[in-house]
Amino acid sequence: MAKYNTLLYYCYSTIENGEQFAADHLNFCKELGLTGRIIVADEGLNGTVSGTPEACQAYMDAVLADERFAKTDFKVDEVDEPSFVKMHVRYKSEIVHSGLRDPNIIDPKQRTGIHLEPKEFMEMKDRDDVVVLDVRSNYEHSLGKFKNAVTLDIENFRDFPAMINELAKYKDKKILTYCTGGIKCEKASALLLHEGFKNVYQLHGGIIKYGKEAGGKDFEGKCYVFDNRLSVDVNSVNPVVISTCRNCGKTTPKMINCANPECNEHFTQCDECGEAMEGCCSDACKAHPRKRVYDGTGYYVKVPQPVNVTKKARPNLPNKYFLYKSRAAAKTAALLFL
Ligand SMILES: [Zn+2]
Ligand SMILES: [Zn+2]
């Protein structure tokens, strides 16, 4: 039995009073003893949370019991330690930043590509009339991607819309998009359809679910994840390492954050260079006065800023299950990142 589970999930669904929902949801997660990062927006929920199997199960049960989120697909990983240190729930304008905020143009609740289950994706991806498109950013696909996938030179998903012209040459093909957990594909595929692409498909549940249900076949390298694991193995069928050390060029699967907090870049670095560079991407970062101590993991916990989260209880909210037993418990946990 796993000591802890880590859940990855999202759900596009309209949330009223998103800001209040986020505050209540934070307390609910803390009550369960979860750690993680959740984004709440008017368009839905996106999260990675970690905790005991019991706490994770209680969380999934509660989310699925809410009709707004009944279709949420949880990807469950077994881990030896929680994948986060703190619990954050933030209210933002989108659950993944794309800049595509106008639901009259792009609305994943109304129109997206055809969802392919991992085995369907596996069967289709090598056909002549198919282009497999990675919609993730440089630091993600440089660590791992599907064999023969088209990748984009983007630093952030919000740069994806500007790349549409570059993809025009594939308009006659079937486009199969994929990302980490499926969430980016919801908007990427919707945008492709909006731009006149006719045959758009997307990998449901993303690389993570593909690893679990299709053995990760033909996924080369590792999958970048947004928690302190930094990357996870996907392919148990025909794995290879594709990423190379930034400093010496040697093949390495190791992804770290630069030890200079003002740089904090995600990059691949071998263990030898990690030691020599003290976990930094460059000599300039190595000389930085605020450089953090490199312990070999390349993951750094942010210093929490104390914030008062003792919000007044509002009894008339349509909270449903997001009621927590004790408001006092919430008051004790008064640390939260901004
Ligand atoms: Zn190296
Ligand atoms: Zn750096």
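1. Let's start with the metal sites. Donors are N, O and S atoms within 2.8 Å of the metal (3.2 Å for Na, K and Ca), and water is not among the atoms, so sites may look incomplete. Along the chain, the donors of the zinc ion (ligand 1) follow the spacing C-x2-C-x21-C-x2-C. Before going on, note that this is a predicted model, where local features need pLDDT of at least 70, side-chain atom pairs count only at pLDDT 80 or more, and totals for chains, interfaces and linings use all residues. Residues are numbered from 1 along each chain as its sequence is written, chains are lettered from A and ligands numbered from 1 in the order in which they are written, and side-chain values use heavy atoms, with hydrogens and water left out.

2. Which residues hold the zinc ion (ligand 1)? C245, C248, C270 and C273 coordinate this ion, each through SG, at 2.3 Å. The angles among the four donor atoms are 101 to 115 degrees, and the site is tetrahedral. Four donors count as tetrahedral if all angles lie between 85 and 135 degrees. For reference, the ideal angle for four tetrahedral donors is 109.5 degrees.

3. The site also connects pieces of the chain. Helices (H or I, at least four residues) and strands (E, at least two) are DSSP runs, numbered from the N terminus. C248 sits in the loop between β13 (231–232) and β14 (255–257) while C273 belongs to helix α8 (residues 271–277), so this pair ties together parts that are 25 residues apart in sequence. As for accessibility, buried means under 20% relative accessible area, exposed over 50%, and partly exposed in between (1.4 Å probe, protein chains only). C248 is partly exposed because its relative accessibility is 43%; C273, at 13%, counts as buried.

4. Now the other zinc ion. Ligand 2 is coordinated by the SG atoms of C258, C263, C281 and C285, at 2.3 to 2.4 Å. Its site is tetrahedral too, with angles of 105 to 114 degrees among the four donor atoms. The donor residues of the zinc ion (ligand 2) are spaced C-x4-C-x17-C-x3-C in sequence. Of these, C263 in the loop between β14 and β15 (266–268) and C285 in helix α9 (residues 283–286) link distant parts of the chain, 22 residues apart. C263 counts as partly exposed at 28% relative accessibility, whereas C285 is buried at 7%.

5. On to the sheet. Two strands pair if DSSP finds at least two bridges between them. Five strands make up an open sheet with mixed pairing, in the order β4-β1-β3-β2-β5. β4 and β5 are the edge strands with a single partner each, so one side of each has no neighbour in the sheet. From one strand to the next, the twist averages 10 degrees. Strand β1 (residues 4–12) pairs with β4 in the antiparallel sense over five bridges, and T6 stands opposite D77 in β4.

6. Which strands does helix α1 touch? Helix α1 (residues 18–32) packs on the sheet and touches β1, β2 (35–41), β3 (44–51) and β5, its direction making about 170 degrees with that of β5. Contact means heavy atoms within 4.5 Å. Axes are lines fitted to C-alpha atoms, for helices over the stretch in contact, and angles run from 0 to 180 degrees between N-to-C directions. Helix α6 (residues 183–194) lies across β1 and β3, at about 20 degrees to β1.

7. Have a look at D80, in the loop between β4 (75–79) and β5 (87–91). Is D80 buried or exposed? D80 counts as exposed because its relative accessibility is 61%. D80 and A2 are 78 residues apart in sequence, with 7.0 Å from C-alpha to C-alpha. Leaving out residues up to four places away in sequence, D80 touches K3 and Y4.

8. Finally, the charged pairs. The structure holds 21 salt bridges, each a side-chain nitrogen of Lys or Arg within 4 Å of a carboxyl oxygen of Asp or Glu. One of them joins D129 and K174 (2.9 Å, N to O). This pair links distant parts of the chain, with D129 in the loop between α3 (118–124) and β7 (130–134), and K174 in strand β9 (residues 174–178), 45 residues apart. Another is between R229 and D227, at 2.8 Å from N to O. Salt bridges that share partners join D77, K212, D227 and R229 into one network.

Terms used
Four donors count as tetrahedral if all angles lie between 85 and 135 degrees; four count as square planar and six as octahedral if opposite donors are over 155 degrees apart and all others between 65 and 115; anything else is irregular.
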